Amino acid sequence: MATLLGFTVPAPGAAVATYLVPGTSIKLTLAREVAPLLLGLARDFDREVEELIPGQCGGFNPRRIAGTSSWSRHAIGAAVDLNWLVHPQGRRNTFTPSQRAKIRAILGRYSHNGVKIIRWGGDYSRPDDMHFEINVSRTAAIAAAKALQGSGKPAGGPKPGSRTLRIGAVGPDVAFLQRWVGAKDDGRFGPATQDRVRRYQRIVGVPVTGVVDARTWDKILGR
Ligand SMILES: [Zn+2]
């Protein structure tokens, strides 16, 4: 069985899931084990560099690198393309200097044990400005994803997905939820979080209740 960075390639259906980029209506299909890394990057890109454009973003794609027999990291769900019509492959400097600086700052935040986790196609000799990919082994990427979600810290409070959340709920699982639906992650479920939950539920196609029950958690956790 072929592998790429320690992932089975192409990714079997069970290894990928479709997620919503927090705070947007953009859906990305990604490797479950490392999805928080690329979703976080896409969220930060949307907030800090350029708004994500519907229909111009993608993740998992079981294909080889054009003109070669090598698998693309899209084939393991470990790469994303953002705003592809605006930043086509082969064109240099499709971002302004200020946007490029912001991209560098974001990539710097996705580090673990001093190693950058994600690399950018804008740095390739044949530039691919839309493209971002995980550039460490599966083991290192999983460790980084866990650290990013705070699950590497000592257990405190309910685990995400272990209870129903509604207005008034408080805890680390609320903060986790807030990061996924694009609300401020203060760990307190108030009206603003409820609005974000409703919006999320509308987009992913579960009953729009504002209450995070098992059906909504299933969508968030890709289970
Ligand atoms: Zn790509």
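**Notes on the predicted model**

1. Proline 12 is partly exposed, with a relative accessible area of 41%, and this residue is found in the loop between strand 2 (7-8) and strand 3. The model is a predicted one, and in it the C-alpha atom of proline 12 is separated by 21 Å from that of cysteine 57, a residue 45 places away along the chain.

2. The loop between strand 2 and strand 3 also contains proline 10, and the peptide bond that leads from valine 9 to proline 10 is cis, with omega near -10°. As background to this point and to the points on phi below, most residues other than glycine have a negative phi, and most peptide bonds are trans.

3. Strand 3 (residues 16-20) and strand 4 run antiparallel and are joined by five bridges, and in this pairing tyrosine 19 has leucine 28 of strand 4 as its bridge partner. The two strands form a hairpin with six residues between them, in which glycine 23 takes a positive phi near 80°.

4. Asparagine 93 has a positive phi of about 55° although it is not a glycine; asparagine 93 lies in the loop between strand 5 and helix 2 (97-109) and, at 48% relative accessibility, counts as partly exposed. Asparagine 113, likewise not a glycine, has a positive phi of about 50°, and its place is in the loop between strand 6 (111-112) and strand 7 (115-116). With a relative accessible area of 71%, asparagine 113 is exposed, since the threshold for that class is over 50%.

5. How many salt bridges does the structure hold? There are nine. One of them is formed by the side chains of arginine 138 and glutamate 33, which meet at 2.6 Å, N to O. That pair links distant parts of the chain, given that arginine 138 is in helix 3 (residues 138-148) while glutamate 33 is in the loop between strand 4 (27-31) and helix 1 (35-48), 105 residues apart. Arginine 138 is partly exposed, with a relative accessible area of 29%, and glutamate 33 is also partly exposed, with a value of 36%.

6. A further salt bridge brings together the side chains of arginine 73 and glutamate 133, at 3.1 Å, N to O. This pair, too, links distant parts of the chain, with arginine 73 in the loop between helix 1 and strand 5 (79-81) and glutamate 133 in strand 9 (residues 131-134), 60 residues apart.

7. Aspartate 185 counts as partly exposed at 39% relative accessibility, and arginine 179 counts as partly exposed at 26%. Elsewhere, Arg43, Asp44, Glu48 and Arg109 are linked in a network of salt bridges.

8. The largest nonpolar core has 58 residues, and those with the most contacts inside it are Leu28, Leu37, Ile118, Phe132, Ile134 and Leu177. Helix 1 supplies the largest share of this core, seven residues. Domain 1 (3-148) and domain 2 (172-221) both give residues to the core, so it lies between them. In soluble globular proteins, nonpolar side chains tend to be buried together.

9. Leaving aside its neighbours within four places in sequence, leucine 177 is in contact with Leu165, Phe189, Thr193, Val197, Val212, Trp217 and Ile220. Leucine 28, the bridge partner of tyrosine 19, is among the residues with the most contacts inside the core.

Conventions
Residues numbered from 1 in each chain as written. Predicted model: local features only at pLDDT ≥ 70, side-chain atom pairs only at ≥ 80, totals over all residues. Heavy atoms only, no water. Salt bridge = Lys/Arg side-chain N within 4 Å of Asp/Glu carboxyl O. Helix = DSSP H or I, 4+ residues; strand = E, 2+ residues; numbered from the N terminus. Buried < 20%, exposed > 50% of the residue type's maximum accessible area, 1.4 Å probe, protein only. Pairing = 2+ DSSP bridges. Core = buried A, V, L, I, M, F, W, Y, C linked by side-chain atoms within 4.5 Å. Domains from an automatic or database assignment. Contact = heavy atoms within 4.5 Å.
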